[in-house]
Amino acid sequence: GGVHILPPYQSASGASWYKGTANAIFQNIGFVDMYDPEYVLILSGDHIYKMNYAKMLAHHKKAGADCTISVMEVPWEDAPRFGIMNVDENDTITEFEEKPAHPKSNLASMGIYVFTWKKLRQYLIEDESDEASSNDFGKNIIPKMLKNGEKMAAYRFSGYWKDVGTLDSLWDANMDMLATGSGLDLLEKDWPIYGRSVSAPPAYLGVNAHVEHSVVARGCTVEGEAENSVLSERCTVEEGASVQYSILMPGAVVKKDARVSYAIIGENGVVGEHAFVGAPPEAVPPEQWGITVLGPGAAVADDYVLPANRMRSVDGKETVR
């Protein structure tokens with residue numbers, strides 16, 4: 001039981017980083033073999049959702065599948081952004097299309113797989129010996145299994161799911177957490193989500209503080225304003241400062257009379273006095289708007305303006321996102 005963290009394999013001759021999602025499993029075949037499993041569940045680490053994997057495994061067994069892929073219906077106009085699974089009347093996967101311009105289905109792959117281990121093990125070894133392969137489940141393993149006629153089943157999921165592999169989607173997910181009816185409820189009585197309790201004193205709200213529709217973690221000091229925002233542990237919002245529709249990562253500081261709007265402030269980032277970071281959508285032309293990002297450890301000087309859709313790193317370099 002428990003959680004094992006498995007870094008890339010290191011040998012006397014050196015080490016190679018994981019080349020792709022399939023290679024990450026291949027490099028740890030020995031670890032999986034120790035447990036001699038009949039089935040394996042492969043997940044992505046940057047997705048937010050709640051799923052009872054036992055139901056997906058039961059579906060895999062009932063279908064007699066070699067691989068079962070979790071899918072969910074997406075709006076047809078969004079389908080070209082996803083890997084799309086085409087299925088028959090029994091939800092057996094007949095075709096996989098990677099971001100098709102003209103999709104035949106709106107069943108998007110969620111990147112969650114159940115494999116029969118012996119079958120997957122065989123494909124991983126074959127894929128590793130193919131020098132032309134990207135060693136990726138979506139690009140190589142799944143298409144190869146389909147081509148070879150393996151039994152591939154789709155498991156339909158309905159509920160909240162978000163891939164937070166981009167800064168925009170990370171911001172979206174945090175705003176979803178604050179929104180009523182988004183489907184992301186961390187305090188659901190039947191299925192709460194627990195986090196590690198930070199060793200820090202309770203959050204302190206000053207006499208002039210105004211906090212509305214926000215999450216404020218332990219160790220925070222708020223003497224200014226926070227609206228529709230997420231403040232991670234040990235953040236500081238000084239008197240007269242305003243944080244709106246933003247995410248403050250641990251240790252971020254927003255100094256006196258600064259304004260942070262529609263932004264992500266990285267860990268230990270500092271926004272100087274009277275500075276402006278980000279802007280609401282209505283403040284700039286649509287083509288120029290986007291979330292503003294201040295990188296971990298980066299700082300914005302007093303009175304400085306970091307516009308919408310910009311990113312500033314710890315070395316002071318700025319780019320348009």
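A polar contact here is a pair of N or O atoms within 3.5 Å; within protein, one must be able to donate a hydrogen and the other to accept it, and residues adjacent in sequence count only if both atoms are side-chain atoms.

The model is predicted: local features need pLDDT of at least 70, side-chain atom pairs count only at pLDDT 80 or more, and totals for chains, interfaces and linings use all residues. Residues are numbered from 1 along each chain as its sequence is written, and side-chain values use heavy atoms, with hydrogens and water left out.

**Stop 1: the two domains**

Colour 10-163 as domain 1 and 204-320 as domain 2. These bounds come from an automatic or database domain assignment. The domain centres, taken over C-alpha atoms, are 38 Å apart.

**Stop 2**

Select β8, residues 107-116. Strands (E, at least two residues) and helices (H or I, at least four) are DSSP runs, numbered from the N terminus. Of the 10 residues of β8, 10 are buried. Buried means under 20% relative accessible area, exposed over 50%, and partly exposed in between (1.4 Å probe, protein chains only).

Two strands pair if DSSP finds at least two bridges between them. Click Ile-42: its bridge partner in β8 is Tyr-113.

Next, show β5, residues 67-73. β5 pairs with β8 in the antiparallel sense, over 6 bridges. Pick Val-71 in the viewer; Ser-109 is its bridge partner in β8. Val-71 also stands opposite Arg-156 in β9. The β5-β9 pairing is parallel, with 5 bridges.

Finish here with β9, residues 152-156. Because 4 of its 5 residues are buried, β9 is largely enclosed by the rest of the structure.

**Stop 3: Asn-135 and helix α5**

Go to the loop between α4 (117-128) and α5 (137-147), and select Asn-135. Is Asn-135 buried or exposed? Asn-135 is buried, at a relative accessible area of 5%. Its side chain makes a polar contact of 3.0 Å with the side chain of Asp-127.

Step to Asp-136, which caps the N-terminal end of α5. One of its side-chain oxygens is 2.9 Å from the backbone nitrogen of Gly-138. After α5 comes Gly-149, with a positive phi near 80°.

**Stop 4: the largest pocket**

Centre the view on Ser-44, Asp-46, His-47, Met-110 and Gly-111. Of the 48 lining residues of the largest pocket, these are the closest to its centre. The pocket's volume is about 1,700 Å³.

On a 1 Å grid over the protein atoms alone, a cavity is a set of points where a 1.4 Å probe fits but cannot get out; a pocket is an open set with protein on both sides within 12 Å along at least five of seven lines, and lining residues have an atom within 4 Å of a point. Grid points are joined across faces, edges and corners, and a volume is the space filled by probe spheres set on the points.

Colour the lining by class: 25 nonpolar, 11 polar and 12 charged residues. Ala, Val, Leu, Ile, Met, Phe, Trp, Tyr, Cys and Pro count as nonpolar, Asp, Glu, Lys and Arg as charged, and the others, Gly among them, as polar.

**Stop 5: the second largest pocket**

Move to Met-177, Leu-186, Gly-195, Val-215 and Val-230, which lie nearest the centre of the second largest pocket. Its lining has 31 residues, around a space of about 1,000 Å³. By class, 19 are nonpolar, 8 polar and 4 charged. Which element gives the largest share of this lining? That is α6, with 5 residues.

**Stop 6**

Show the open sheet β11-β14-β17-β20-β23-β26, whose 6 strands pair in parallel. β11 (204-205) and β26 (299-300) are its edge strands, each pairing on one side only. Inside this sheet, β17 (236-237) and β20 (253-254) share 2 bridges. Thr-236 stands opposite Val-253.

Then show another open sheet of 6 strands, β12-β15-β18-β21-β24-β27, also with parallel pairing. β12 (210-212) and β27 (305-306) each have a single partner strand, so one side of each is left without a neighbour in the sheet. Select β15 (225-227) and β18 (242-244), a parallel pair over 3 bridges. End on Ala-226, whose bridge partner in β18 is Val-243.
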